[in-house]
Amino acid sequence: ENHAERAESRRRDAEDGRVPVDIGFPPSHDDPARELAGYAAGIQVLEPEEVRSRLAEIGEALVTTYRA
């Protein structure tokens with residue numbers, strides 16, 4: 001992806017309010033998904049798949065615990 005493509009992608013994202021960001025965690029971090037789960041629907045994790053899967057597990061556990 002070149003500079004013009006990235007700029008166009010950022011413009012499109014800004015139109016719907018989304019802004020792409022890269023968040024890095026050190027390899028020693030034990031559970032990045034747990035850190036990100038507090039943002040709930042305020043963020044969308046695109047990758048890595050391991051973090052997406054862990055977020056799904058956390059969500060399922062919350063639903064199981066708190067569903068009336």
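Author: Buried means under 20% relative accessible area, exposed over 50%, and partly exposed in between, with a 1.4 Å probe and protein chains only. This is a predicted model, in which local features need pLDDT of at least 70 and side-chain atom pairs count only at pLDDT 80 or more, while totals for chains, interfaces and linings use all residues. Residues are numbered from 1 along each chain as its sequence is written, and side-chain values use heavy atoms, with hydrogens and water left out.

Reader: What share of the 68 residues is buried?

Author: Buried residues make up 12% of them.

Reader: Which secondary structure elements does the protein have?

Author: Helices (H or I, at least four residues) and strands (E, at least two) are DSSP runs, numbered from the N terminus. Here there are three helices and zero strands, in the order α-α-α from the N terminus on.

Reader: Where is Ala40 placed among these elements?

Author: Ala40 sits in the loop between H2 and H3. Its phi is near 45°, a positive value in a residue other than glycine. Pro48 is also found in the loop between H2 and H3, and the peptide bond from Glu47 to Pro48 is cis, with omega near 5°.

Reader: How is a pocket defined?

Author: On a 1 Å grid over the protein atoms alone, a pocket is an open set of points with protein on both sides within 12 Å along at least five of seven lines; lining residues have an atom within 4 Å of a point. Grid points are joined across faces, edges and corners, and a volume is the space filled by probe spheres set on the points. The largest pocket has a volume of about 790 Å³. Its lining has 21 residues, and the closest to its centre are Pro20, Val21, Gln44, Val45 and Leu46.

Reader: Which residues line the second largest pocket?

Author: Among them are Ala40, Gln44, Val45 and Arg52. Helix H2 (32-37) and helix H3 (49-66) each give two or more residues to this lining, and H3 gives the most, with five. The volume of the second largest pocket is about 210 Å³.

Reader: How do the residues of its lining divide?

Author: Ala, Val, Leu, Ile, Met, Phe, Trp, Tyr, Cys and Pro count as nonpolar, Asp, Glu, Lys and Arg as charged, and the others, Gly among them, as polar. The lining of the second largest pocket has nine nonpolar, two polar and one charged.

Conventions:
On a 1 Å grid over the protein atoms alone, a cavity is a set of points where a 1.4 Å probe fits but cannot get out, and a pocket is an open set with protein on both sides within 12 Å along at least five of seven lines; lining residues have an atom within 4 Å of a point.
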